Amino acid sequence: MQRSRRQKTKTIRRDVQGLRALAVLLVFANHMVGWPAGGFAGVDVFFVISGFLITGLLLREYDRTGHISARKFYLGRLKRIVPSATLVLLFVIAFSWALFTKNRAVAVTWDALWALLFGANWNFAAAGTDYFQADSAVSPLQHYWSLSVEEQFYFVWPWLLLGLLVIFARFMPMNDRLARTIAGSTIGLISIASFAWAFYDAAANPTVAYFSTFTRAWELGVGALIAVASPLLVNIPRVLRTVLAYIGLVGIIASCILIPTTAAWPAPWALLPVLATGVVIASGVGEEARFIQPLTNPVSVYIGDISYSLYLWHFPAIIFGHALYPDAGSLAYFGILAAGFALATAQYYALERPLWKSPLGTNARPGAWKTWRSEQAHTIQYGLVGGLAALSVAVVGVAFVPSPQPVDTSISAAPETPEPSASPSAVAMPAVAEIDAALRTSLSLTTWPELTPSIDDFGPDSWVDAWVKDGCLALHGKAGTDPLGTLDRCVYGPKGGTPIALVGDSIAISYLPAIQVAYPKAEIHVMTMAECPFATVTVKKRDGSAFSACDPFHAAVADRLAKLKPELTIMSQAVNSEARVSGSTTMREGMDAALKATADVSGRVIVLPPPPPGKNLADCYSATSGPAACAADVSAEHIKTRSSLIEDVERTKLAELVDTDQLFCVSGRCPAMADGVVIRADVTHLTQDYAAKIGPALGELIDALK
């Protein structure tokens with residue numbers, strides 16, 4: 001077997017370390033402050049780097065030894081990846097149980113198990129495709145998805161490459177050029193197939209596409225192709241190297257600033273950061289490009305050195321930082337940044353680098369461990385001391401954060417939005433006044449009262465019973481796959497009572513307990529479907545995929561209403577419905593059509609605006625926070641939606657709109673509870689207990705419109 005002899009090249013490239021630094025800083029900034037908006041592309045940069053380095057490692061070993069040692073490869077990955085990742089997982093689990101609700105801590109523990117098994121991406125893809133989990137508390141381990149993608153790729157690629165090289169070696173003399181041709185052809189085909197699938201899946205299943213190994217493999221493949229083509233790149237002229245490096249660097253930064261967050265990802269838009277990263281890497285093959293100090297300066301190289309640990313720690317630092325210091329304001333950003341770097345640096349010196357450089361698992365020469373101890377002892381000690389110091393400062397700092405001040409609710413200034421033409425006076429309605437007083441009291445509290453449901457029981461099961469227990473929200477949970485089946489069986493109240501129809505999506509069914517309390521003698525027919533608004537429009541699902549079941553459901557509901565002829569029809573839909581319209585009919589046209597068709601067969605038509613979005617209690621509650629951390633301002637999006645509803649109702653004169661904001665907020669401020677009853681089960685949907693609590697008040701508001 002002929003094999004080329006090459007001078008051993010330098011394995012550490014300063015420009016690549018600089019790319020790592022840029023990538024991790026972009027991701028850190030995006031997750032912490034939301035800018036640059038496309039900073040998530042830093043992950044794509046990491047994928048290309050990883051594909052380049054690992055494939056180059058495999059090819060050099062084969063060129064040198066005629067073999068690829070799976071044991072050596074995976075041992076190296078384990079020593080470099082697993083210890084640091086496991087330490088962060090253990091830390092996150094411990095802090096989650098100390099700070100968060102029981103349900104959230106359990107969820108984080110499961111996330112950690114998936115991450116430990118390198119399946120985090122599929123775990124988060126499954127959770128992200130559930131519309132009703134999209135607004136759930138953010139996992140402090142969500143960033144582990146990208147590590148899982150890389151490791152899944154490397155569970156396959158080395159074996160596939162080795163197998164092909166062994167097969168070809170049986171039939172022809174193998175050399176470096178042929179090995180690279182085989183590797184390049186294979187990873188090229190894989191990359192083309194992966195990109196094609198990513199292009200399709202980004203449109204059909206955007207959330208799954210974002211996390212999927214199959215849609216991300218082409219990004220690692222681009223890096224691998226550069227490694228394969230390295231012998232062809234060593235002769236790039238020096239001037240051109242610098243030009244290419246800066247073109248690539250500008251491309252990466254431009255992709256993070258210019259590409260909108262709504263762009264299809266990872267295909268086709270990830271092409272820009274991926275190819276730009278590839279250009280930078282290619283510019284330094286064989287010889288580092290000159291005059292690229294933004295990447296090769298000592299600070300960039302150092303951040304690149306600790307980038308793996310920094311990536312692991314940055315997201316827990318953000319999540320736990322806001323949990324520990326909910327009222328720190330902009331100061332929290334400085335604390336999070338300092339904590340992330342301190343913990344990453346400590347881990348790098350105390351664990352990551354020492355284990356990576358250790359003789360563990362190798363046929364070490366005598367005295368290797370002694371040499372290792374003498375070289376690493378001081379860095380391990382410094383790392384341990386630094387880590388303990390960072391944790392001590394974080395924990396002790398909680399005591400010095402000022403307590404939140406009670407909210408002044410003495411002035412009842414409502415948000416500046418148009419009011420319904422027949423807005424009733426709360427003075428004449430005792431139940432409305434009672435809710436108002438309870439909301440004001442909640443806004444003035446500085447400590448948590450006993451909550452209903454309890455903080456340990458709070459979670460998805462806190463949605464209204466008709467949804468989670470009876471399966472009356474079509475196409476979600478226990479509803480099954482037959483959306484029309486819910487129309488037959490989901491009827492509440494005494495048979496033969498006053499017929500009332502409840503129409504809309506998950507927001508509509510969240511009002512059901514209130515309607516049951518307000519009209520105890522009514523026969524209430526529930527006609528609701530997940531993500532399907534009452535307006536007669538074609539919509540996409542929240543993840544961007546097609547929603548073929550909604551239009552037939554609209555037709556079925558219209559048919560049921562025509563047969564039922566209810567005395568009262570109550571309609572509601574989510575605030576984001578208009579953003580999901582995909583057909584030629586606009587939301588206003590669809591609203592007009594739905595109101596007209598319903599008014600023709602109903603005695604009265606009532607439209608209930610969606611409750612103003614609040615904060616998810618599972619996200620904002622912690623052992624160190626108070627009720628003020630979970631209070632939210634009325635959002636501009638809600639004000640816009642409410643105003644549109646008011647205009648539509650007043651323009652058509654076909655329905656009446658109830659001003660329900662006063663049942664959730666005071667002076668434009670919305671607490672998480674009232675009289676200890678938790679208002680929302682997530683960001684937008686009411687709990688069973690609070691929906692029932694506002695029943696008398698809702699009845700008063702509806703009756704006042706007569």
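The link of Cys 532 and Cys 550 is right-handed, with 80 degrees about the S-S bond. These two cysteines form a disulfide with sulfur atoms 2.1 Å apart, where a disulfide is a pair of cysteine sulfur atoms within 2.5 Å. The pair links distant parts of the chain, 18 residues apart: Cys 532 sits in the loop between strand 4 (522-529) and helix 23 (550-564), and Cys 550 in helix 23. Helices (H or I, at least four residues) and strands (E, at least two) are DSSP runs, numbered from the N terminus. Cys 532 has a relative accessible area of 1% and is buried; Cys 550 is buried at 0%. Buried means under 20% relative accessible area, exposed over 50%, and partly exposed in between (1.4 Å probe, protein chains only).

The model is predicted: local features need pLDDT of at least 70, side-chain atom pairs count only at pLDDT 80 or more, and totals for chains, interfaces and linings use all residues. Residues are numbered from 1 along each chain as its sequence is written, and side-chain values use heavy atoms, with hydrogens and water left out.

By the sulfur distance rule, the count comes to four disulfides. With bonded cysteines counted along the chain, the pattern is 1-2, 3-4, 5-6, 7-8. Cys 472 and Cys 490 are joined with an S to S distance of 2.0 Å, and this link is left-handed, with -95 degrees about the S-S bond. Here too the pair links distant parts of the chain, 18 residues apart. Cys 472 lies in the loop between helix 19 (465-468) and strand 1 (473-474), and Cys 490 in the loop between helix 20 (485-489) and strand 2 (491-492). Both Cys 472 and Cys 490 are buried.

Another disulfide joins Cys 665 to Cys 670, S to S 2.0 Å. This link is right-handed, with 95 degrees about the S-S bond, and both of its cysteines are buried. Ser 667 is in the loop between strand 8 (656-657) and strand 9 (669-670). Its phi is near 55 degrees, a positive value in a residue other than glycine. Ser 667 counts as partly exposed because its relative accessibility is 30%.

The chain as a whole has 28 helices and eleven strands. Of its 706 residues, 53% count as buried. Among contacts with a separation of 6 or more, 79% are between residues 24 or more positions apart; contact means heavy atoms within 4.5 Å.

In soluble globular proteins, nonpolar side chains tend to be buried together. A nonpolar core is a set of buried Ala, Val, Leu, Ile, Met, Phe, Trp, Tyr and Cys residues joined through side-chain atoms within 4.5 Å. The largest such core has 101 residues, of which Tyr 144, Leu 161, Leu 165 and Ile 226 touch the most other members. Helix 15 (residues 307-324) gives the most to this core, with twelve residues. Leaving aside residues up to four places away in sequence, Leu 165 touches Tyr 62, Ile 68, Met 174, Ala 179 and Ile 182. A second, separate core of 56 residues includes Cys 472, Leu 502, Val 658 and Tyr 690.

Helix 1 (residues 14-33) packs against helix 11 (residues 238-258) at an angle of about 5 degrees, with the axes 12 Å apart. Helix 1 is therefore roughly parallel to helix 11. Axes are lines fitted to C-alpha atoms, for helices over the stretch in contact, and angles run from 0 to 180 degrees between N-to-C directions. Angles under 35 degrees count as roughly parallel, over 145 as roughly antiparallel, 65 to 115 as roughly perpendicular and the rest as oblique. Leu 19, Leu 22 and Leu 26 of helix 1 meet Leu 249, Ile 252 and Cys 256 of helix 11. Cys 256 is buried, with a relative accessible area of 1%.

The loops that lie between helix 1 and helix 2 (42-65) and between helix 11 and helix 12 (271-283) hold Pro 36 and Pro 266, respectively. A cis peptide bond joins Trp 35 and Pro 36, with omega about -5 degrees. Another joins Trp 265 and Pro 266, with omega about 10 degrees.
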